[in-house]
Amino acid sequence: KPLQPAFLARPASQQANFAINASVAVAMGDEVYDQNADFASNVFTAPVTGKYQLNASIRLANVDSASTYVYLQINTANRDYYNVITVPRDHASAGVTSYDLTYWNLSISVIADMDANDTAIMKFGYAGGTQQVDTSGSGGTVFSGALIC
């Protein structure tokens with residue numbers, strides 16, 4: 001179906017030093033495909049009412065071990081979806097000292113009910129630590145979706 005909405009977008013470059021304690025849109029500068037031209041400026045806009053399979057995956061670099069948690073979210077007009085993970089802490093009793101995570105992946109997949117003209121956007125955030133968390137650019141960070149029914 002050539003006019004059925006489907007998209008796959010990824011960053012064109014690294015997004016460096018995400019703000020602490022903020023939900024930040026992940027910049028999607030490269031549309032791999034956008035079958036119905038419904039994706040623009042990091043936002044997918046549903047052309048018709050229906051159920052949409054939405055997927056987001058982010059590859060993080062330099063996650064500070066002093067951070068409390070990290071999260072990936074998909075915001076839609078009807079509700080927000082989250083994947084929240086606690087950052088590993090020091091394990092001095094096990095002989096492990098503080099360490100920053102070189103790479104870390106977070107993913108989320110949902111079937112979202114969307115009305116015509118509702119929007120969806122991928123965001124990332126974290127609490128605490130040092131402002132040093134980056135995306136890895138186009139390697140491992142993607143946002144995709146399609147109308148399924």
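**View 1. Arginine 79 sits partly exposed, at 39% relative accessibility.** Here, buried means under 20% relative accessible area, exposed means over 50%, and partly exposed is what lies in between (1.4 Å probe, protein chains only). Aspartate 113 counts as partly exposed too, at 26% relative accessibility. The side chains of arginine 79 and aspartate 113 meet in a salt bridge, 2.4 Å from N to O. That pair links distant parts of the chain, 34 residues apart: arginine 79 is in the loop between strand S7 (69–76) and strand S8 (80–86), and aspartate 113 is in strand S9 (residues 101–114). A salt bridge, by the way, is a side-chain nitrogen of Lys or Arg within 4 Å of a carboxyl oxygen of Asp or Glu.

A quick note on what you're looking at: this is a predicted model, where local features need pLDDT of at least 70 and side-chain atom pairs count only at pLDDT 80 or more, while totals for chains, interfaces and linings use all residues. Residues are numbered from 1 along each chain as its sequence is written, and side-chain values use heavy atoms, with hydrogens and water left out.

**View 2. Aspartate 30 and arginine 10 make another salt bridge.** The structure holds two salt bridges, and in this one the closest N and O atoms are 2.7 Å apart. Aspartate 30 belongs to strand S3 (residues 30–34) and arginine 10 to strand S1 (residues 6–10), so the pair ties together parts that are 20 residues apart in sequence. Aspartate 30 is partly exposed, with a relative accessible area of 24%, and arginine 10 is partly exposed at 31%.

**View 3. Zoom out for a moment and you get a chain with zero helices and 12 strands.** Helices (H or I, at least four residues) and strands (E, at least two) are DSSP runs, numbered from the N terminus. Read along the sequence, the pattern is simply β-β-β-β-β-β-β-β-β-β-β-β. Of the 149 residues in the protein chain, 42% are buried. Take contacts (heavy atoms within 4.5 Å) between residues at least 6 apart in sequence: 76% of them join residues at least 24 apart.

**View 4. Leu54, Phe124 and Phe143 have the most contacts inside the largest nonpolar core, which has 32 residues.** The elements giving two or more residues to this core are S1, strand S6 (50–63), S7, S9, strand S10 (119–127) and strand S12 (142–147). A nonpolar core is a set of buried Ala, Val, Leu, Ile, Met, Phe, Trp, Tyr and Cys residues joined through side-chain atoms within 4.5 Å. Who touches leucine 54? Leaving aside neighbours within four places in sequence, its contacts include Phe7, Ile74, Ile108, Val110, Met114 and Ser144.

**View 5. Phenylalanine 7 and phenylalanine 143 form an edge-to-face aromatic pair.** Their centres are 5.1 Å apart, with 75° between the planes. Rings of Phe, Tyr and Trp (its six-membered ring) pair if their centres lie within 6.5 Å; planes under 30 degrees apart count as stacked, over 60 as edge-to-face and the rest as tilted. Phenylalanine 7 lies in strand S1 and phenylalanine 143 in strand S12, so this pair ties together parts that are 136 residues apart in sequence. Phenylalanine 7 is buried at 1% relative accessibility, and phenylalanine 143 is buried at 0%. By this rule the count comes to nine aromatic pairs. Phe7, Phe39, Phe44, Tyr52 and Phe143 form one aromatic cluster.

**View 6. Tyr69, Tyr82 and Val84 make a nonpolar surface patch of about 300 Å².** Patches are made of residues with over 30% relative accessible area and no salt bridge: like charges are joined within 9 Å, nonpolar side chains (Val, Leu, Ile, Met, Phe, Trp, Tyr) within 5 Å. Tyrosine 82 is found in strand S8 and is partly exposed, at 46% relative accessible area. The protein chain exposes about 7100 Å², and carbon and sulfur atoms supply 50% of that. Accessible areas come from the Shrake-Rupley method with a 1.4 Å probe; for residues, only the protein chains shown count as cover.

**View 7. Asparagine 21 and serine 41 both have a positive phi.** Most residues other than glycine have a negative phi. Asparagine 21 has a phi of about 60° and lies in the loop between S1 and strand S2 (24–25), where asparagine 21 is exposed at 58% relative accessible area. Serine 41, with a phi of about 50°, lies in the loop between strand S4 (39–40) and strand S5 (43–45) and is exposed at 66%.
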